[in-house]
Amino acid sequence: MSDACQDFRVERGELERFMLAALARAGADAVSAEAVTRALVTASRMGTDSHGLRLLPHYIRALQGGRIAGAPRMRFQRRLPATGYLDAGDGFGHLAGYTAMEHAAAMADEVGVGAVAVGNSSHFGAAGCYALAAAERGLIGLTVCNSDPFVLLHQGSRPFHGTNPIAFAAPVEGEAPYLLDMATSSIPWNRVQQYGAIGRELPDQVAADAAGEVTRTPAEVAALMPLGGSDFGFKGAGLGGMVEVLSSTLAGMLHGFRLLPMGGPDMATPRGVGHFCLALRPDAFAPGDPFPACLRAYLDDLRAQPGRDGARVMAPGDREWACRARRDAEGIPLDSANQRAYAELAEALEVQALRPLA
């Protein structure tokens, strides 16, 4: 949904204030509330509305139901010089994601590479948040995660993979990082919910009904199409499988087809989601540390390419950073469905309601 459709905007600090208070009232400890808030606000500032502020009510329900531990006992074990395993203690995936990337980054600082498998976790929002955390400290970051079945296999008729995102970020001297954050489905499941809430039709070739046929009506959607749609979905399905191997399989968790549904109805049983975080130190590879100059040359050449019909060619992340600058200046928008949801949270949790920008 474009910002032009919004008339209710909040300042970043106000949104953070509300999220921290709501999560604390619902039973989250300080580090958990801070991690969830950091991830959701990061996503909303960048325009990733499907994985931003709209997820807070769901996380509150999962926390209150007992699915998510508000004060998890996370345990990290370094297995080899560049590898480790984080048991997330059934806590918030956001805390697990940031914690895992911190451990991966520490190993990368020491030996050039750090990789952490995460088990016993939960939904962690936008995968790009954790790859970005690596890039913001001068490292290359990669993050993947599995989820419960939403996505058809190529030529399949029932959901098998989750949206299984891939996020990759790299530091760029003098500007915001290069950032790729994508589902291996054509769209994320939250986009279907978002469009349904505002009565908007879906694009073609992104979702299917119960018979496996393409539909553009959110209420009819029973599954998502893999990236590539009906004709080339083997590519998205293959990438989704790669993510499954790196996340659930490497961490010893259930693969996505066997996970409990994110949306319930069981909000008491932990789901056991798996993540994987990788950090690379750029100067640990080629002699002389050519990475900054080479990445600059690549991005300069990419952005200089002619666009079609007057369009501007952008690198991954360019659109997000432009949206972040605009929303930092003009406020973060809430559509009508989110306005209602946040008003209900404020009343139920006895938290001061969101104050819109004047």
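Below is a briefing on the sheet, its strand pairs and the helices around them.

This is a predicted model, in which local features need pLDDT of at least 70 and side-chain atom pairs count only at pLDDT 80 or more, while totals for chains, interfaces and linings use all residues. Residues are numbered from 1 along each chain as its sequence is written, and side-chain values use heavy atoms, with hydrogens and water left out. Helices (H or I, at least four residues) and strands (E, at least two) are DSSP runs, numbered from the N terminus.

**The sheet**
- Seven strands make an open sheet with mixed pairing, in the order E2-E3-E4-E12-E5-E8-E9; two strands pair if DSSP finds at least two bridges between them.
- E2 and E9 each have a single partner strand and stand at the edges, so one side of each has no neighbour in the sheet.
- On average, neighbouring strands here are turned by 15° against each other, direction ignored.

**Strand pairs**
- E2 (residues 75-80) pairs with E3 (residues 83-87) in the antiparallel sense over five bridges, and a hairpin of two residues joins E2 to E3.
- Within this pair, phenylalanine 76 has leucine 86 as its bridge partner, and leucine 80 has threonine 83.
- E3 and E4 (residues 113-121) run parallel, joined by five bridges, and leucine 86 stands opposite valine 118 in E4.
- From E3 the chain crosses through H4 to E4 in a right-handed β-α-β crossover (with the strands pointing away from the viewer, the path from the first strand over the helix to the second runs clockwise).

**Helices H2 and H4**
- H2 (residues 30-45) and H4 (residues 93-111) pack at an angle of about 85°, with axes 8 Å apart; axes are lines fitted to C-alpha atoms, for helices over the stretch in contact, and angles run from 0 to 180 degrees between N-to-C directions.
- The two helices H2 and H4 are therefore roughly perpendicular (65 to 115 degrees).
- Residues of H2 including Val31, Ala35 and Leu40 meet His94, Leu95 and Tyr98 in H4, where contact means heavy atoms within 4.5 Å.

- Eight of the eight residues of H5 (residues 128-135) are buried, so H5 is largely enclosed by the rest of the structure; buried means under 20% relative accessible area (1.4 Å probe, protein chains only).
- Those buried residues of H5 pack against elements including H2, H4 and H9 (318-330).
- H7 (residues 229-251) lies across E3, E4, E5, E8, E9 and E12, running at about 100° to E12.

Notes. Parallel < 35°, antiparallel > 145°, perpendicular 65-115°, else oblique. Buried < 20%, exposed > 50% of the residue type's maximum accessible area, 1.4 Å probe, protein only.
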